[in-house]
Amino acid sequence: MSNSTHWSRRDFLKTASAATLSALAAGYPRRASAAELEKLEASADTVIVLWMGGGMASTETFDPKRYTPFTKGMAPDAFLSTFPSIPTAVDGIRFSEGLEKTAAVMDRGTLIRSYTAGDLGLILHSRHQFMWHTGYAPPQTVAAPHIGAVMARTLGPLNPAVPAFINIGQRFDNGEGEELKAFTTAGFLGSEHGPFNIPFPDQAANTVRPPGGMTPGRFEDRNKFYKKLLAASPVGEHGSDYQKESLLRSLDNAHRLLSSPAAKAFDLALEPLESVRKYVPGYQPGQKFEAARDAAGSKYENQMVGRFGLGCLLARRLTEVGARYIEVTTEYIPFLNWDTHENGHARLISMKKQIDGPIAQLVLDLEARGLLDRTLIVLASEFSRDAMIEGKPDKRVTDQVHVPEKVESEKHYGMHRHFTDAGSVLLFGGGVKKGHVHGITADERPCKTIKDRVVIEDLHASIYQAMGISPKLAYEIEKRPFYVTRDGIGKPVMDLFG
Amino acid sequence: MKSFAPALSLMLAACLHAAAALSPAQIQQLPPPGSRPIDFQKEIKPILEDRCINCHGHGRAKGDFRMDSRQTLLKGGTTGPAVVEGESAQSYLIELVAGVDPDKVMPKKGTKLTRQQVGLLRAWIDQGAHWDESVSFARAEPLNLKPRRPALPKTGEKTANPIDQLLAPYYPAHHVKPGKPVDDRLFARRVYLDIVGLLPPTDELESFMASPDKDKRAQLVRRLLEDNVNYALNWLSFWNDLLRNDYQGTGYIDGGRKAISQWLYSALETNKPYDQFVAELVHPTPASEGFTKGIVWRGVVNASQKPHMQAAQNISQVFMGINLKCASCHDSFINDWTLADAYGMAGLYADGPLEMVLCDKPTGKTAPTKFIYQQLGDVQASTNKEVRLESLARLITRREDGRLTRTLVNRLWQKFYGRGLVEPVDDMEKPAWSADLLDWLAEDLADHGYDVKRLIEVMLTSNAYQLPAVAATEQTDPKFVFRGPEVRRLSAEQFRDAIGSVTGAWYPNPVPTLHQADGHTNHFASVRSVLVAADQLQIALGRPNREQIVTVRLPAATTLQALELTNGSELADLIRRGAEAALSRKPHSSDELITTAYRKAISRPPTSKELHLARRIIGDPTRLAGVEDLLWTLAMLPEFQLVY
């Protein structure tokens, strides 16, 4: 562990074994058939998923095709990409215009162009996101755990003072919020392994600070007082029991987290301004990222540029103190951000502004700190988009977006339908090859995967492989094994690794 | 779950080819039978058990072939007789296990038989295939199904609670010396929380403790059971979990789900007899149909999650305590239920018999609709779904169904005692640690008109319930011995309501509109947690999102919960409101304030040491921040969060 110097390893072991013990006593799911699994050598200690929620068109980002500029009255199928392509640091790999900074660090990464989403019938983003994050198509008969929760359950926290599964940037009070909650959970693994949600990265410090208005001094006093009152409480006469120990240990853990030096990592105000501005150009301290959700066209995305950057900065700071699994999302809100049902071209200009600088900076910062080698960055989306095809060319599903016979306005210029036959996943660090492409897609519509298809089970198996977890690992629920990749069938794509 | 579609097609292929006699050359190749006498019990039974029964016993009949008994073995399956007495070389069974045709080897899955084992089978057949009649591989008579009424042991005490009578021989048999009943304070806390889900109000607690009446505990239990509104609000959470009812959640987005809150509230408020309660869920009215309607997701869903299959799974789990989930994809590996069982049950809720889908691959075979426990009877065959469901409801709730009552008895026991009579509570084919207790209480429930409140009264007035709390043991420990109720945690809703009782801070408005028995609508003394959608605090404390049925909430405290309690804005806000209210009550001394807080929160005055410590924190003169910190600290004490 290269980033293990900030805490005591002994503490970590103590916490982990205590958690395991409590899990057994409480009837939490056990590992099933652990003995049969081969030991895997981990190439990463931390995973950062950069989530492009809403369906990121690969032909407009990391897999550009023939560019056709907008002309009034053009045929709707006349364009494959609405941006010209640009070179990257690697010969032969081109990105879409607007991703220049990420292109400059492509020599540190591996690009999968052949990720293929599942067939779930009529497209519903939250169902595909459920499948991406749990590896299982919803609904399931038991509550399936999020991949972050599997990491938390299997590997535990890297630093006991940092929650093992941190989820940055998603609110749950929008149209499909309930559907998002259905997979943003530890499910049957138990809430101990659930997400530590930070919906607003700029307010992350509040999540680990004493409650509003409480000074650190008072917070410490309150805790001391609690310990004294606890010692004075006659409940001691009931002796030691599992419930009491579980309660006291959880409060201790919380207090340790809130008062540990690692908690400072949550506070973006402690980051030098010039360094914040590398993630968010022109950032002003205290700057808020707010926009009315009904903001028309590209207005919403434009006003939110910077929020994802702060999330990436937070992810870097948390990685430095020993986070295990972090997800940073551009945020999924129906019909906003990557969910472009219209105005695709214009809105992607903003979306690329949101992500380009932060991705590159995250890679460079981790590299400069010597952490990139043991941190796997995974940029992904639930599926891609296309101007014409909804679903897959040979498995089309009900169209959700009207495509006019002639494109008379820029409103109809872009990738507005949901395409599931190819998509891009960009990986950095954590043992993946540098400057490598895996998978090929067709150059003409349908721009589907034609070589080295990667499905979710195999993508997950690859991520688990990097973290030293077997795709056949299973937890027992209702007496049956629930595998971390569906039915244990995931196979790591070894071509991704150096 | 594993998919076995390839195995299925192989099996079908095997069935199509009839057995052909082996040539002399092939017979030569068979392992020799040997001539020493074979012991069925010792030598043959283990082979059958290990290699054959998974597919040809316990109700399974791959290729229509059962090895339940000697008769079914001889009879064989679709390919004709399996065994010819005295003629092992002519027995198709031997041909298959010996692997004469490499494409048709039995067993299909797992290790093949050794030559020595085949030789043993041959010798056994040659010697007449004797089968010990006591051995049967048929599906066993399910446990805990038919009603049984054990006699109550005589204890000498006329007024003894039946639970205590039944446990009287249990204790000495298990070397348990039951402790003394807990004091009035702990007893009151238990029953208030268990019946109405609230902390005992200070004045009520004091008059209860002061009462010299010998019968006061039983009276308190009865009085709390008569608080119909708060009883309903407490048990609404329990049933919302079981029936996955909520005010928001997946499915509501586009009408793919229907709440049953009004029906459920009324059923609890009026203590609807349990048989009727279940009948109205199984054969629903528009007000109760949300349960069997299930959750309809948009797009394509796994065949095992179609609404009619959800209904089959949920009815079986909630009311019968059995798991059909595995069997809704393939014959279960963890119990005896088969795909045909699950589809037979699901067909009752579909428009008619369903084509079975094996791990998402259609089989082309239709499962006749049928009830899962044929021992209890079957559902009236009809093309009319209404007729079928009415018949199903009658079947599940008839007096001869001892599973319905046992499952409820067990769930309540688990709630009150921390651990079920049968564990896990959704596996009612497991034996109870006291079959007499389970069976007697179940019969008693049916005998008394399925009156759930009466059952609760029996349970909570027993001495067993009043024993000192013991530490929780591992859920499925086979060596479990009952010594008293386990220490339990407040549920999310109980915790939030307890904070409400201490601070006076409740929720502003109920989410559902609930019409009440007395003609009022949403007439509640306070808006309790169950009446609103889950907020951050409730979620952190374990209120589930109800996409799946939840029958037991995870009992452990977690770090994320503790974080929410330590710095979450919701609890901090409630505590502040409580502190402001406490300070606004005048006149007061700081000692009075502290004592009141202690009495409300943990049902007792502070000790002198505690009083001394608390004075220091709230300050002199009292400070708002100090009172807040005192209230928060009280709420974090095990005495507050745990039920002892």
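Start with chain B of this predicted model and colour its domains: domain 1 covers 5-126, domain 2 covers 300-397, and domain 3 is made of 492-510 and 529-643.

**Confidence**

Now colour by pLDDT. Chain B averages 90, with 96% of the residues scoring at least 70. Select residues 1-19 of chain B: pLDDT there is below 50, although this stretch has 31 contacts in the model beyond near neighbours in sequence. Chain A has a mean pLDDT of 90, and 91% of its residues reach 70 or more. Its stretch to select is residues 1-26, where pLDDT stays under 50 and the model has 38 contacts beyond four places in sequence. Where pLDDT is low, predicted coordinates should not be read in detail. For the complex, the predictor gives an ipTM of 0.82 and a pTM of 0.85.

**Where the chains meet**

Show both chains and select the residues in contact between them: 60 in chain A and 62 in chain B. On the chain A side, the elements that give two or more residues are helix H1 (9-25), helix H5 (177-181), helix H7 (216-232) and helix H8 (242-259). Which of them gives the largest share? H8(A) does, with twelve residues. Coloured by class, the side of chain A that touches chain B shows 28 nonpolar, 15 polar and 17 charged residues.

**H7(A) against H29(B)**

Next select H7(A) together with helix H29 (residues 624-636) of chain B. Their axes come within 10 Å and cross at roughly 45 degrees, which makes H7(A) oblique to H29(B). The crossing of H7(A) and H29(B) is right-handed.

**H26(B) against H29(B)**

The axes of H26(B) and H29(B) come within 8 Å and cross at roughly 120 degrees, so H26(B) is oblique to H29(B). This crossing of H26(B) and H29(B) is also a right-handed one. From H26(B), the contact uses Ile575(B), Arg576(B), Gly578(B), Ala579(B), Glu580(B), Ala582(B) and Leu583(B); from H29(B), Leu624(B), Val627(B), Glu628(B), Leu631(B) and Trp632(B). By class, the contact of H26(B) with H29(B) has eight nonpolar, one polar and three charged residues.

**H13(B) against H14(B)**

For the last stop, select helix H13 (residues 228-243) and helix H14 (residues 261-269) of chain B. How do their axes cross? They come within 8 Å and cross at roughly 130 degrees, and H13(B) and H14(B) are therefore oblique to each other. The crossing of H13(B) and H14(B) is right-handed. In H13(B), display Asn228(B), Val229(B), Tyr231(B), Ala232(B), Trp235(B), Leu236(B), Trp239(B) and Leu243(B), which meet Leu264(B), Tyr265(B), Leu268(B) and Glu269(B) in H14(B). The contact of H13(B) with H14(B) has ten nonpolar residues, one polar and one charged.

Notes
Residues numbered from 1 in each chain as written. Chains lettered and ligands numbered in written order. Predicted model: local features only at pLDDT ≥ 70, side-chain atom pairs only at ≥ 80, totals over all residues. Contact = placed C-beta atoms within 7 Å. Helix = DSSP H or I, 4+ residues; strand = E, 2+ residues; numbered from the N terminus. Nonpolar A, V, L, I, M, F, W, Y, C, P; charged D, E, K, R; others polar. Domains from an automatic or database assignment. pLDDT = per-residue confidence, 0-100. Axes fitted to C-alpha atoms, helices over the stretch in contact; angles between N-to-C directions. Parallel < 35°, antiparallel > 145°, perpendicular 65-115°, else oblique. Left-handed = near helix turned anticlockwise from the far one by under 90°.
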